[in-house]
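User: Got a model here. Can you walk me through the helix packing and the aromatic rings?

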Amino acid sequence: MEVLRLAIHSSNLGYPRIGEQREWKKALESFWNGQLEEANLMETMKTIQLSSIKKQMAKGIELIPIGDFSLYDHVLDTAFMFGYIPKRFGQESERRWDTYFAMARGTSSQPAMAMTKWFNTNYHYIVPELDGLQPRLMENFLLRDYQFIKDNLSIETKPVLLGPVTFLILAKLSTGVHWHKHLQLLVPVYIELLDELYRAGVRWVQVDEPILVQEIDEDIVAAVEYVYHSFHQKVPGVQLILQTYFESLSNYPEIVSLPVAGFGLDFVHDDGENLYNMKKYGFPKGKWLAAGMIDGRNVWKSTLVQKAALLEELSKHTEHLIIQPSSSLLYVPITVKHEHRLPKGLVDSLAFADEKLDEVRLLAEYAQGKRSLSDLRHYDEQTGEALRLLRGQSIKKTMHPIEQTERPPYAKRRQAQQQHLKLPLLPTTTIGSFPQTREVRQARLKRKKQEWDEKQYQTFIRKQIAKWIEIQEKLELDVLVHGEFERTDMVEFFGEKLGGIACTTNGWVQSYGSRCVRPPIIFGDVVHLCPITVEESVYAQSLTEKPVKGMLTGPVTLYNWSFVRRDLPRSAVLNQLALAVRQEVLALEQAGIRIIQVDEPALREGLPLKRQKQPAYWQEAVYAFRLATSAVRLETQIHTHMCYSDFSEMIDIIDDLDPDVISIEAARSGGELLSLFEIHTYRKQIGLGVYDIHSPRIPSRDEILIQLERALRVLRPDQFWVNPDCGLKTRTEKEAIASLQAMVAAAKEMRNRLFVSLQGGDQDDSKR
């Protein structure tokens with residue numbers, strides 16, 4: 001075999017932080033609630049980190065990462081480590097972790113830093129703020145972790161560091177200030193960090209620059225060249241692996257000429273482009289190729305014989321090979337060993353983080369000559385029967401373009417809906433969920449353990465709905481919701497009810513902060529089996545004269561927040577999901593619900609990182625949403641909700657979706673979204689979130705009034721809705737009620753201000 005002449009290492013890019021039983025999440029939330037002292041928190045975190053390292057050692061991984069473990073977010077860690085602490089949070093103090101968590105979550109007096117999606121994943125990072133700050137190395141977190149692991153386990157590890165170019169491009173700067181301004185200041189601080197690592201004995205460092213898989217211009221190429229030539233000149237002894245993932249490397253010839261020890265390339269999500277570039281341009285002699293062979297973002301087992309063929313091809317271009325996952329394993333659950341309730345055969349087809357490391361080891365041992373091709377074939381055959389069973393469940397519905405029911409023009413819909421709903425100017429509402437209290441979680445657990453039968457559980461849910469309908473009426477909200485107390489998660493809930501989708505027992509994945517989700521697994525034909533949300537929505541509507549929204553998750557979000565079979569066309573699965581959602585929309589409408597919200601917070605998340613691949617995705621996504629929502633009556637109002645994404649390049653897409661009302665996160669990003677509407681005329685109704693629900697701080701009426709004033713400078717009062725950024729499930733009852741009181745008070749005050757000037761306008765819009 002050609003591969004046997006290679007120098008081979010096995011490696012991992014990053015391991016999930018949350019702990020096998022979510023110990024990380026539980027410790028953090030206990031600390032935030034004042035139930036755990038800081039010393040105990042740090043001790044728990046060290047235990048989790050050591051356990052993760054030991055697992056990777058046991059799996060035979062040679063280059064084990066450190067720096068992937070975090071108390072909140074790795075981008076926040078980078079900003080904090082380099083002293084990018086906004087002045088409103090103070091500077092370094094004895095209680096530094098209070099400052100760290102204040103940056104992530106806000107305080108009673110200061111808003112949190114912005115949060116958004118990490119490239120095209122459902123992981124949210126904290127956006128660094130650079131204005132007015134000078135970088136400095138406050139503490140070398142990587143050196144701390146390296147020494148901690150070495151002292152306790154006597155092994156060498158591979159520090160993982162977010163690269164300076166990606167860090168700066170993702171950071172927040174004032175308008176007109178370019179990130180290049182900070183590069184000259186930041187590079188010496190990186191060099192100081194790397195030098196400290198080298199002096200401590202570190203030889204391998206993984207520097208993540210995922211920005212290099214997007215289209216990059218000459219300025220970015222020049223910046224990257226400056227950075228890595230500077231690193232090579234000042235710290236030549238450290239072997240740097242310049243790591244990319246999620247797509248193919250852009251500007252391949254220029255980047256692979258950089259003076260680093262090796263390059264990390266994704267050979268799973270690159271559509272074959274990385275190998276094509278290697279064949280066309282070659283690969284630099286003597287450099288390490290860190291080949292992402294095992295899918296770090298999906299849960300299906302690899303076909304190792306096919307991977308072996310790829311290894312053979314790669315061996316023609318390099319003699320120094322590192323075998324690893326395509327990305328950090330942060331995006332998949334930890335292990336399948338706790339999954340006992342999945343459909344027969346499905347577990348045998350799955351590989352979570354631990355199982356993926358087994359696959360890395362098997363490939364590395366094959367490349368090192370310790371295993372034969374027949375060993376890999378045996379691995380594939382063990383799962384082949386289960387995979388064939390799954391793939392034998394063909395797409396039964398015709399997936400040729402399905403004829404949509406075109407909705408009437410928006411102006412006509414708007415008039416009919418206003419006559420039917422009789423909503424005031426600046427209608428107030430929430431996004432959907434209300435606090436998932438300890439009592440709610442315990443009720444769900446009692447049902448799961450069969451301590452409660454279905455009748456007891458439904459009685460409890462109805463009491464919660466009735467309680468919060470009463471609260472909403474007392475708050476004088478205009479459009480109410482039932483609260484979603486029966487839902488663990490907006491995707492998992494529907495995954496449990498639809499055919500062709502399975503849900504895990506312990507398949508937790510970090511989404512943001514301590515928030516973890518269990519993405520469903522789409523393994524067969526998606527079918528709508530029976531009404532899913534009608535009973536709760538109809539019950540809530542029976543308790544009030546005000547309109548109650550039906551709450552659904554949209555087809556694109558169901559797709560993007562699930563683990564989907566990769567042997568099926570995306571459009572086919574999207575359309576099946578859309579047809580299932582469409583049946584639920586029509587069931588709600590038939591039951592008398594006249595406002596139906598079909599949430600698509602993950603709409604942009606699935607957008608390919610390469611621009612030339614984006615039009616096909618948008619076409620399929622828009623088609624699926626409209627397929628799900630286009631069959632309703634004239635007077636039925638369709639809402640959608642999106643959050644924590646960059647909307648600057650998709651405002652036209654939102655228009656194409658054709659909802660009657662859209663609500664978008666805006667508070668945490670400082671209202672920056674408003675600048676879009678200065679150059680883009682948006683004619684439908686919109687709610688820009690007026691306060692941040694991910695922070696425990698309670699906004700004042702005057703703060704929200706300022707948000708409303710800013711919004712109404714660029715949007716008409718008759719198109720604006722007043723709502724929070726997102727659902728309220730993570731907040732306490734006290735926080736939720738107090739914040740909504742401030743929101744309603746602000747809306748009323750703004751209506752009073754507008755009343756006189758609008759007296760000559762639309763009578764329906766100025767009634768209150």
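This is a predicted model: local features need pLDDT of at least 70, side-chain atom pairs count only at pLDDT 80 or more; totals for chains, interfaces and linings use all residues.

User: Which hand is the crossing of α7 and α8?

Analyst: Right-handed. Helices here are DSSP runs (H or I, at least four residues), numbered from the N terminus.

User: At what angle do the axes of α7 and α8 cross?

Analyst: Roughly 25 degrees, and the axes of α7 (residues 180-199) and α8 (residues 218-234) come within 10 Å. Axes are lines fitted to C-alpha atoms over the stretch in contact, with angles from 0 to 180 degrees between N-to-C directions. So α7 is roughly parallel to α8 (under 35 degrees; 65 to 115 is roughly perpendicular, over 145 roughly antiparallel, the rest oblique).

User: Which residues make the contact?

Analyst: Among them are Leu 183, Val 187 and Ile 191 of α7, and Ala 223, Val 227 and Phe 231 of α8. Contact means heavy atoms within 4.5 Å.

User: And how far apart are the axes of α2 and α5?

Analyst: 11 Å, for α2 (residues 38-58) and α5 (residues 141-153), packed at about 65 degrees. They are therefore roughly perpendicular to each other. That crossing of α2 and α5 is right-handed. Residues that meet there include Leu 50 and Ile 53 in α2 and Phe 148 and Ile 149 in α5.

User: Switching to rings. How many aromatic pairs?

Analyst: 25. Rings of Phe, Tyr and Trp (its six-membered ring) pair if their centres lie within 6.5 Å; planes under 30 degrees apart count as stacked, over 60 as edge-to-face and the rest as tilted. Phe 31 and Phe 101 form a tilted pair, 5.7 Å centre to centre with 50 degrees between the planes.

User: Where do Phe 31 and Phe 101 sit in the chain?

Analyst: Phe 31 is in α1 (residues 23-32) and Phe 101 in α4 (residues 96-105), 70 residues apart.

User: Are they buried or exposed?

Analyst: Phe 31 is buried at 12% relative accessible area, and Phe 101 is buried at 5%. Buried means under 20%, exposed over 50%, partly exposed in between (1.4 Å probe, protein chains only).

User: Which aromatic cluster holds Phe 31 and Phe 101?

Analyst: One that also includes Trp 32, Tyr 72 and Trp 97.

Key:
Residues are numbered from 1 along each chain as its sequence is written. Side-chain values use heavy atoms; hydrogens and water are left out. Helices (H or I, at least four residues) and strands (E, at least two) are DSSP runs, numbered from the N terminus. A crossing is left-handed if the near helix is turned anticlockwise from the far one by less than a right angle, and right-handed if clockwise.
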